[in-house]
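Please read it alongside the sequence and the structure.

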Amino acid sequence: MYESYWQKKGDETTVVIPGWQFMSYFSDATRLCWFLEPEFAKQIVRLHNVVGNAVTENRHIVVGTGSTQLFQAALYALSPCAEAEPISVVSAAPYYSSYPLITDCLKSRLYKWAGDARSFSKNGPYIELVTSPNNPDGFARRSVVNGSEGILIHDLAYYWPQYTPISSPANYDLMLFTVSKSTGHAGMRIGWALVKDEDVARKMTKYIEINTIGVSKDSQVRAAKVLKVISDNSEGPNEGDSFFEFSYRVMAKRWKQLREAVQQSGLFSVSDFPPQLCMFLNRVFEPQPAFAWIKCEGDIEDCESFLRGKKILTRGGKHFGVSPKYVRISMLDRDKNYETFVRRLSTIRS
């Protein structure tokens, strides 16, 4: 979806890297996260301050190969080493489908996936993943387990103004962000964590050092350039042409098209969201998530299979810990593909 915007920007985000640059593992040996490029760190702080979606003061920045690696680093850093059994990792269903896979991939003795946070009742320490806005259903989330020994990871990949109103800066101990969802540059494989506790940040850095000996400098330099252009355009005289204004307009149009298609078909339903004031865009609007969480009504029990038969590819609810009557569909494809999707959806009848 974002490709057309960046094409119009032309050379504004072009980066030329001579063959002799960035050959060392180290970016700044004096920093806690020694493979974090200083310019990238600068632009991360600037963008959060421009948008107002996260507190950056008194936070350590840890860069990772996407938020996936940062999630693994966080689990490593937060898991107690002296426990007799792995710490439980939970998230309220519907949860991001990759959480169970990533958590249990290496069969670690430090942590293990324990399912839906709403049904979790085990005594002792646990890690709860709070994704807000949530993937897949788009709703704002808070922690749901009331245990006294809980440790929270806040995945805020979608807390950007094209997806949801920015009501206040997020202020949590460990927050994850990613370039792929904020700017659309999934191929850069770059994410970052804002971490309050120094020891946790050091352990996360150590995990990434062991795992990949740092993070691509080329990607960090390119990401820094993209973030700078977004901040410049958001603060400059041509705010109407800013990245977030463009993205907001496209998402608003797409959600309008989707709701019309759902109404025309009569076989599906999508969530309604309460409108809020966005402090960044200075307007009131309903959240318009990056994914549509669609329910097949009536006698359709396997919505994923049903839609596959209508040439619509989705991801079924069972992957997210809920009923197969639900599916997740991306709202971020190219215009042509998205228009084909809503057209096909609108023509489905019982």
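Which residues does Thr 178 touch, not counting residues up to four places away in sequence?

1. The model is a predicted one. In it, Thr 178 touches Ser 67, Ala 157, Ile 190, Gly 191 and Trp 192, with residues up to four places away in sequence not counted.

2. Thr 178 belongs to strand 6, which covers residues 174-178. Its relative accessibility is 3%, and Thr 178 therefore counts as buried, the cut-off for that class being under 20%. The side chain of Thr 178 also takes part in a polar contact of 3.0 Å with the side chain of Ser 180.

3. Arg 189 deserves a check of its backbone: its phi is positive, about 55°, although Arg 189 is not a glycine. Arg 189 is placed in the loop that runs between helix 5 (179-182) and strand 7 (191-195). With a relative accessibility of 36%, Arg 189 counts as partly exposed.

4. Ile 213 is not a glycine, yet has a positive phi of about 50°. The loop between helix 6 (198-212) and helix 7 (217-235) holds Ile 213. At 41% relative accessibility, Ile 213 counts as partly exposed.

5. The bond joining Ala 93 and Pro 94 is cis, with omega at about 0°; Pro 94 sits in the loop between strand 2 (87-91) and helix 4 (98-104). The bond from Ser 132 to Pro 133 is cis as well, with omega near -5°, and Pro 133 is found in the loop between strand 4 (126-131) and strand 5 (150-155).

6. As to the overall fold, the chain contains 10 helices and 13 strands. Its radius of gyration is 21 Å, close to the 20 Å given by the globule rule for 350 residues, so the chain is as compact as a globular protein of that length. Along the principal axes, the C-alpha atoms fill a box of roughly 65 × 55 × 35 Å.

7. Of the 350 residues of the chain, 52% count as buried. Among contacts in the chain with a separation of 6 or more, 71% come from residues 24 or more positions apart.

8. The last point concerns surface and charge. The chain exposes about 16400 Å², of which carbon and sulfur atoms supply 48%.

Methods: Residues numbered from 1 in each chain as written. Predicted model: local features only at pLDDT ≥ 70, side-chain atom pairs only at ≥ 80, totals over all residues. Heavy atoms only, no water. Helix = DSSP H or I, 4+ residues; strand = E, 2+ residues; numbered from the N terminus. Buried < 20%, exposed > 50% of the residue type's maximum accessible area, 1.4 Å probe, protein only. Polar contact = N/O pair within 3.5 Å; in protein donor to acceptor, adjacent residues only side chain to side chain. Contact = heavy atoms within 4.5 Å. Rg over C-alpha atoms; globule rule 2.2 N^0.38 Å. Areas by Shrake-Rupley, 256 points an atom, 1.4 Å probe, with all protein chains shown as cover.
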